[in-house]
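Colleague: I would like to go through this structure with you. Could we begin with the terms and then turn to the details?

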Amino acid sequence: MATPTQPQQYRALGLSTFSFTLCFAVWTIFSIIGIRIAEDLSLSDTQLGLLMATPILTGSISRLFLGIWTDRYGGRWVFGILMLTTAACVYLLTFATTYPMLLVGALGVGLAGGSFIVGVAYTAAWFEPARQGTALGIFGAGNVGSAVTNFGAPFLLVALGWEQTAQVYATVLAIMGVLFIVLAKEDPLAAERRGAKAKSFIEQMEPLRELRVWRFALYYFFVFGAFVAMALWLPHYLIGVYGLDIKTAGMIAALYTIPASLFRILGGWLSDRFGARRVMYWTFIASVICSFLLSYPPTDYIVHGIEGDIPFTLDMSLPVFVVLIFTLGFFMSLGKAAVYKHIPVYYPMHVGAVGGVVGMIGGLGGFILPLAFGVLNDLTGIWQSCFMLMFVIVAAALIWMHYAIRKAERVEWAAHEERTDLPELATPHLFYPLNRPHRPEHPSAMPPGVKN
């Protein structure tokens, strides 16, 4: 396999990142046009949550198969054809006139979300392992596409209506699909794929027998799934809680989605420099604190004092809310990069398959959570119930991660050896070459003498 030059690497990274940004903007389009559709059709919060979440379902499930196809056929054609197919689905959505028709159309729009794993596998193939964390962090910053939608789509919506807004999105995505096929090059693993014996579906899925994969998937369920869910739900939340108009709500929502996207680059670099495990601790601890504070509903208190009752109210102002949601988005962005730092290190020949499953589970969070937010609103009548649910999820992920790490450490102590769960930048000789099998799950199989 010829070593790619830096211009080739940057070309592949730039094309895939820009394409993913457009796909992500399309994937979250219902965060804006869904509000107008809900007004036109008098939808409940549960129905709106389902409409917002339906594209996320398709985007999540499709990641598994798209990851396998990318491992087999390469990202150039899979990415280009995916964008063209999604553009056609977005255009056809504009002919829907009833709620069931919109749900069917939303399933097609959701194919845009599958672009993530295609881009991960395509980008990872161009970079050496010691730089993959940073490269995938830059690619993952394409999540900023949700901010593009939150910021730009409200203005298109007011000027053109939701149907023409969707048509503009479809046209732009179709043009990029053609450009990607024309401008992108085959990745460095293309020749190796052609010369290798085709693997069966069962062989490609073999790494999924390891519990570690599913632990990574839970991490991603929160850092990505909850991010997508909140990107969809936040404009509606801001309108309902603070009485904002759709333009202002969209711009404030962008203050959440932009850091939760762009700082993924920093997360990739930090994962290369300090280790993905440490970054995950930072992410989960900060997210537990932020989601707990955000989950506290406005409450009136009466203290029975010596000289009479003393009433006071706990209520979060909009500026404080913006600061907390910005902080939450920042740490979630670090976590998204850290999760995907693990995959090409442990499973270099199964990036598409393993990354597809992790991405699928994470994406399912983006499907389940908006629907759960709507149901909780209808059942409890408390807007902050969405953050209560997020707090429970991130607390569970933190507990499981800490338990798994301490369990591995106990095995090391019993063997009088110190090992690491993930090779870090300080030990580049432990990164897998591309032709070696994936790393086994049990810590006793790790090379000895490596400081964590």
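Modeller: Contact here means heavy atoms within 4.5 Å. Please keep in mind that this is a predicted model.

Colleague: With that in hand, which residues does Phe222 touch, not counting residues up to four places away in sequence?

Modeller: Phe222 touches Phe227, Phe284, Ser287 and Leu328, along with Met332, Met390, Ile393 and Val394.

Colleague: Which residues touch the most other members of the largest nonpolar core?

Modeller: Phe222 and Phe284 do, in a core of 126 residues. Helix α12, residues 211-242, supplies the largest share of this core, with 19 residues. As a general point, nonpolar side chains in soluble globular proteins tend to be buried together.

Colleague: How many helices and strands does the protein have?

Modeller: The protein has 19 helices and 2 strands. Buried residues account for 58% of its 452 residues.

Colleague: And what share of the contacts between residues at least 6 apart in sequence join residues at least 24 apart?

Modeller: That share is 84%. As a separate example of separation in sequence, Trp77 and Ile181 are 104 residues apart in the chain, yet their C-alpha atoms are 6.2 Å apart in space.

Colleague: Where does Trp77 lie?

Modeller: Trp77 belongs to helix α4, residues 75-93. With a relative accessible area of 44%, Trp77 is partly exposed.

Colleague: Let us move to the rings. How many aromatic pairs does the structure hold?

Modeller: There are 31 aromatic pairs. One of them joins Phe20 and Phe24 in an edge-to-face arrangement, with 5.6 Å from centre to centre and 75° between the planes.

Colleague: Why are Phe20 and Phe24 separated by about one helical turn?

Modeller: Because they are 4 residues apart in helix α1, which covers residues 6-27.

Colleague: Is Phe20 buried or exposed, and what about Phe24?

Modeller: Phe20 counts as buried because its relative accessibility is 1%, and Phe24 also counts as buried, at 1%. The cut-off for buried is under 20% relative accessible area.

Colleague: Which cluster do ring pairs link Phe20 and Phe24 into?

Modeller: The cluster consists of Phe20, Phe24, Trp27, Phe116, Phe139, Tyr220, Phe224, Phe227 and Tyr256.

Colleague: Which residues are buried in helix α15?

Modeller: In α15, residues 264-274, the buried residues are Arg264, Gly267, Gly268, Leu270, Ser271 and Asp272. Gly275 follows α15 and has a positive phi, near 105°.

Colleague: Back to helix α1 for a moment. What is Gln9 in contact with, leaving aside its neighbours within four places in sequence?

Modeller: Gln9 contacts Pro4, Trp126, Phe127, Glu128 and Arg131. Gln9 is found in helix α1 and is buried, with a relative accessible area of 2%.

Colleague: On to charges. How many salt bridges does the count come to?

Modeller: The count comes to 1 salt bridge. The side chains of Glu39 and Arg36 form a salt bridge, at 3.7 Å from N to O.

Colleague: Where do Glu39 and Arg36 lie?

Modeller: Both lie in helix α2, residues 30-41, and they are 3 residues apart, about one turn of the helix. Glu39 counts as exposed at 55% relative accessibility, whereas Arg36 counts as partly exposed at 27%.

Colleague: Finally, the strands. How many bridges join β1 to β2?

Modeller: Strand β1, residues 299-305, and strand β2, residues 308-314, are joined by 7 bridges and run antiparallel. Together β1 and β2 make a hairpin, with 2 residues between them.

Colleague: Which residue in β2 is the bridge partner of His304?

Modeller: The partner of His304 is Asp309. Further along, Ile302 stands opposite Pro311 in β2. In general, the side chains of a regular strand alternate between the two faces of the sheet.

Methods: Residues are numbered from 1 along each chain as its sequence is written. This is a predicted model: local features need pLDDT of at least 70, side-chain atom pairs count only at pLDDT 80 or more; totals for chains, interfaces and linings use all residues. Side-chain values use heavy atoms; hydrogens and water are left out. Rings of Phe, Tyr and Trp (its six-membered ring) pair if their centres lie within 6.5 Å; planes under 30 degrees apart count as stacked, over 60 as edge-to-face and the rest as tilted. Buried means under 20% relative accessible area, exposed over 50%, partly exposed in between (1.4 Å probe, protein chains only). Two strands pair if DSSP finds at least two bridges between them. A nonpolar core is a set of buried Ala, Val, Leu, Ile, Met, Phe, Trp, Tyr and Cys residues joined through side-chain atoms within 4.5 Å. A salt bridge is a side-chain nitrogen of Lys or Arg within 4 Å of a carboxyl oxygen of Asp or Glu.
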